[in-house]
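Please keep the model open while reading.

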Amino acid sequence: KTIEKIEEVADSCGISVSYLCRIFKERLGITPTDYINRIRINFAKKILKSGATVTEACYESGFNNYGYFITYFKKVVGTSPAKYKKS
């Protein structure tokens, strides 16, 4: 799903996906996919604090793979979603 969106952005700019990814990373220091996933993680953090379960936060924030969500959340936030929710 993310790849389709990246392709749409590249097409609308008249550039290739690889060029878009390269200039995005040069300018922002992260890939477009990482950028989108960090936005999703920030949303997941908000809904976890509002009482959502970890599973709800995973799927409501746009992740389709629970294991990947847990791993990526830990990478970005530094703790698991469950521990973040309790803190």
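## Core and packing

The largest nonpolar core holds 14 residues, and those with the most contacts inside it are Ile-41, Leu-48, Ala-57, Phe-63, Phe-69 and Phe-73. A nonpolar core is a set of buried Ala, Val, Leu, Ile, Met, Phe, Trp, Tyr and Cys residues joined through side-chain atoms within 4.5 Å. At least two residues of this core come from each of H3, helix H4 (54-60) and helix H5 (66-77). In soluble globular proteins, nonpolar side chains tend to be buried together.

The model is predicted: local features need pLDDT of at least 70, side-chain atom pairs count only at pLDDT 80 or more, and totals for chains, interfaces and linings use all residues. Residues are numbered from 1 along each chain as its sequence is written, and side-chain values use heavy atoms, with hydrogens and water left out.

Ala-57 is in contact (heavy atoms within 4.5 Å) with Ala-44, Ile-47, Leu-48, Ala-52 and Phe-69, leaving aside neighbours within four places in sequence.

Asn-37 sits in helix H3 (residues 32-49). What does Asn-37 touch, not counting residues up to four places away in sequence? The partners are Phe-63, Tyr-68 and Tyr-72. Asn-37 counts as buried because its relative accessible area is 4%. The classes are set as follows: buried is under 20% relative accessible area, exposed is over 50%, and partly exposed is in between (1.4 Å probe, protein chains only).

## Overall build

The protein chain has six helices and zero strands. From the N terminus on, its elements run α-α-α-α-α-α. Helices (H or I, at least four residues) and strands (E, at least two) are DSSP runs, numbered from the N terminus.

The C-alpha atoms fill a box of roughly 45 × 20 × 20 Å, taken along the principal axes. Buried residues make up 28% of the 87 residues in the chain. Among contacts between residues at least 6 apart in sequence, 40% join residues at least 24 apart.

The chain exposes about 5,800 Å², and carbon and sulfur atoms supply 53% of it. Accessible areas come from the Shrake-Rupley method with a 1.4 Å probe; for residues, only the protein chains shown count as cover.

A search of the whole structure finds one salt bridge. The definition asks for a side-chain nitrogen of Lys or Arg within 4 Å of a carboxyl oxygen of Asp or Glu. The partners are Glu-26 and Arg-22, with the closest N and O atoms 4.0 Å apart. Both lie in helix H2 (residues 17-28), four residues apart, about one turn of the helix.

Leu-20 also lies in helix H2. Leaving aside neighbours within four places in sequence, Leu-20 is in contact with Ile-6, Val-9, Ala-10 and Ile-15. Leu-20 and Thr-31 are 11 residues apart in sequence and 9.4 Å apart in space, C-alpha to C-alpha.

Arg-27 has its place in helix H2 too. The C-alpha atoms of Arg-27 and Ile-6 are separated by 16 Å, at 21 residues apart along the chain.

| Residue | Relative accessible area | Class |
|---|---|---|
| Leu-20 | 10% | buried |
| Arg-22 | 48% | partly exposed |
| Glu-26 | 59% | exposed |
| Arg-27 | 72% | exposed |

## Surface patch

Leu-28, Tyr-35 and Ile-39 make a nonpolar surface patch of about 300 Å². Patches are made of residues with over 30% relative accessible area and no salt bridge: like charges are joined within 9 Å, nonpolar side chains (Val, Leu, Ile, Met, Phe, Trp, Tyr) within 5 Å. Tyr-35 lies in helix H3. At 40% relative accessibility, Tyr-35 counts as partly exposed.

## Cysteines

How many disulfides does a search of the whole structure find? It finds zero. A disulfide is a pair of cysteine sulfur atoms within 2.5 Å. The sulfur of Cys-13 is too far for a bond, because the closest cysteine sulfur, in Cys-21, is 12 Å away. Cys-58 is buried, with a relative accessible area of 0%.
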